[in-house]
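Here's a quick briefing to read with the model open beside you. Have a look at the fold first, then work through the points by topic.

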Amino acid sequence: SSLTHLTIDNSVTSIGEYAFSYCSSLTHVTIGESVETIGDYAFNRCLSLTHLTIGNSVETIGSRTFYMCLSLTHVTIPNSVKTIGYSAFYKCSSMIYLIIGNSVKNIEYSAFNGCSSLTHVTIPDSVETIGYSAFNGCSSLTHVTISNSVETIDNGAFSGCSKLESLTIGKSVEIIEYEAFCMCSNLSRVT
C-alpha cells in the first residue's frame, strides 16, 4: 500500500492477473518494452495512478486491467495492442486524453464506460468491433469519429454521452444495435 512508483524492465514479458491490484498509493507506472500481456485486474483500483506508460510490445490489455483508476488522466495505447479487454478502463473518471493505437481490432464491452472527463475519441481504422457499452457514460464527449473498418456498433456503445454534438460513422458500419446512442441529447450533426 506504500508503493508509489513502478518500473517494469525489459526482461519481463507478462504481468499476471491482480499483480498490482489495490496498490492505493501508486502514482507512476512504466511498463517495459518486452511486456506483451497485461493480465486481468493487474492494476485494478490503483486509485492514485496518474502517469502510465505502456511499452510498444504489449498486444493485450486484459479485462478490468485499469478498472477504477480514478486519477488517471492521459492514456496512450501503443500500436502493438490488438485487444482492449472488457471494462479495461472502466470509470477512469479523470481521463481527459486518449489515443487508441492503430492495431487495435477489438474494443470490448464497457472498455471505457464511465470515463466521464473524456472529450474526444477517434476510433482508428484497425478497429472492427465496438463492444456493448464501450463508451457508455462518457458524459463529456463532444465529438466521435468511427473509422471505416468498424462493422458493428454494439448495444449502448455510446449511451449516455450527453454532451456529444457531432458524430461521424464510417462507411463499413452495417449494424447499429439498440440504444447505441441513447440519451445523446445534444447530438446535432451526424455523418
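The largest nonpolar core takes in 59 residues, and Phe 43, Phe 89, Phe 112, Phe 135 and Ile 146 have the most contacts inside it. A nonpolar core here is a set of buried Ala, Val, Leu, Ile, Met, Phe, Trp, Tyr and Cys residues joined through side-chain atoms within 4.5 Å. Buried means under 20% relative accessible area, exposed is over 50%, and partly exposed is in between (1.4 Å probe, protein chains only). At least two residues of this core come from each of strands E1 (5–8), E3 (28–31), E7 (74–77), E9 (97–100), E13 (143–146) and E15 (166–169).

Keep in mind that this is a predicted model: local features need pLDDT of at least 70, side-chain atom pairs count only at pLDDT 80 or more, and totals for chains, interfaces and linings use all residues. Residues are numbered from 1 along each chain as its sequence is written, and side-chain values use heavy atoms, with hydrogens and water left out.

**Overall build**

- The chain has 17 strands and zero helices; both are DSSP runs numbered from the N terminus, with helices being H or I of at least four residues and strands E of at least two.
- The radius of gyration is 16 Å, close to the 16 Å from the globule rule for 191 residues, so the chain is as compact as a globular protein of that length. That radius is taken over C-alpha atoms, and the rule is 2.2 Å times the number of residues to the power 0.38.
- Along the principal axes, the C-alpha atoms fill a box of roughly 45 × 25 × 20 Å.
- Of the 191 residues, 49% count as buried.
- Among contacts between residues at least 6 apart in sequence, 23% join residues at least 24 apart, where contact means heavy atoms within 4.5 Å.

**Sheets**

- Eight strands make an open sheet with parallel pairing, in the order E2-E4-E6-E8-E10-E12-E14-E16. Two strands pair if DSSP finds at least two bridges between them.
- E2 (14–15) and E16 (175–176) are at the edges with a single partner strand each, so one side of each has no neighbour in the sheet.
- E14 (residues 152–153) pairs with E16 in the parallel sense over two bridges, and Ile 153 stands opposite Ile 176 in E16.
- Another open sheet has four strands, also paired in parallel, in the order E11-E13-E15-E17. Its edges are E11 and E17 (189–190), each with a single partner strand, so one side of each is left without a neighbour in the sheet.
- E11 and E13 run parallel and are joined by three bridges, with Thr 122 opposite Thr 145 in E13.

**Aromatic rings**

- The structure holds 10 aromatic pairs. Rings of Phe, Tyr and Trp (its six-membered ring) pair if their centres lie within 6.5 Å; planes under 30 degrees apart count as stacked, over 60 as edge-to-face and the rest as tilted.
- Phe 66 and Phe 89 form a stacked pair, 5.1 Å centre to centre with 15° between the planes. Phe 66 is in the loop between E6 (60–61) and E7, and Phe 89 in the loop between E8 and E9, so the pair ties together parts 23 residues apart in sequence.
- The rings of Phe 112 and Phe 135 have centres 5.2 Å apart and planes at 10°, so this pair is stacked. Phe 112 sits in the loop between E10 (106–107) and E11 (120–122), and Phe 135 in the loop between E12 and E13, so parts 23 residues apart in sequence are tied together.
- Phe 66 and Phe 89 are buried, and so are Phe 112 and Phe 135.
- One aromatic cluster is formed by Phe 20, Phe 43, Phe 66, Phe 89, Phe 112, Phe 135, Phe 158 and Phe 181.

**Inside the core**

- Leaving aside neighbours within four places in sequence, Ile 146 is in contact with residues including Ile 123, Ile 130, Ile 153, Phe 158 and Phe 181.

**Cysteines**

- There are zero disulfides, a disulfide being a pair of cysteine sulfur atoms within 2.5 Å.
- For Cys 46, the closest cysteine sulfur is 5.1 Å away in Cys 23, too far for a bond; Cys 46 is buried at 0% relative accessible area.

- Most residues other than glycine have a negative phi.
- Lys 91 has a positive phi of about 55°, lies in the loop between E8 (83–84) and E9, and is partly exposed at 36% relative accessible area.
- Ser 133 has a positive phi near 55° and lies in the loop between E12 (129–130) and E13, but Ser 133 counts as buried at 5% relative accessibility.
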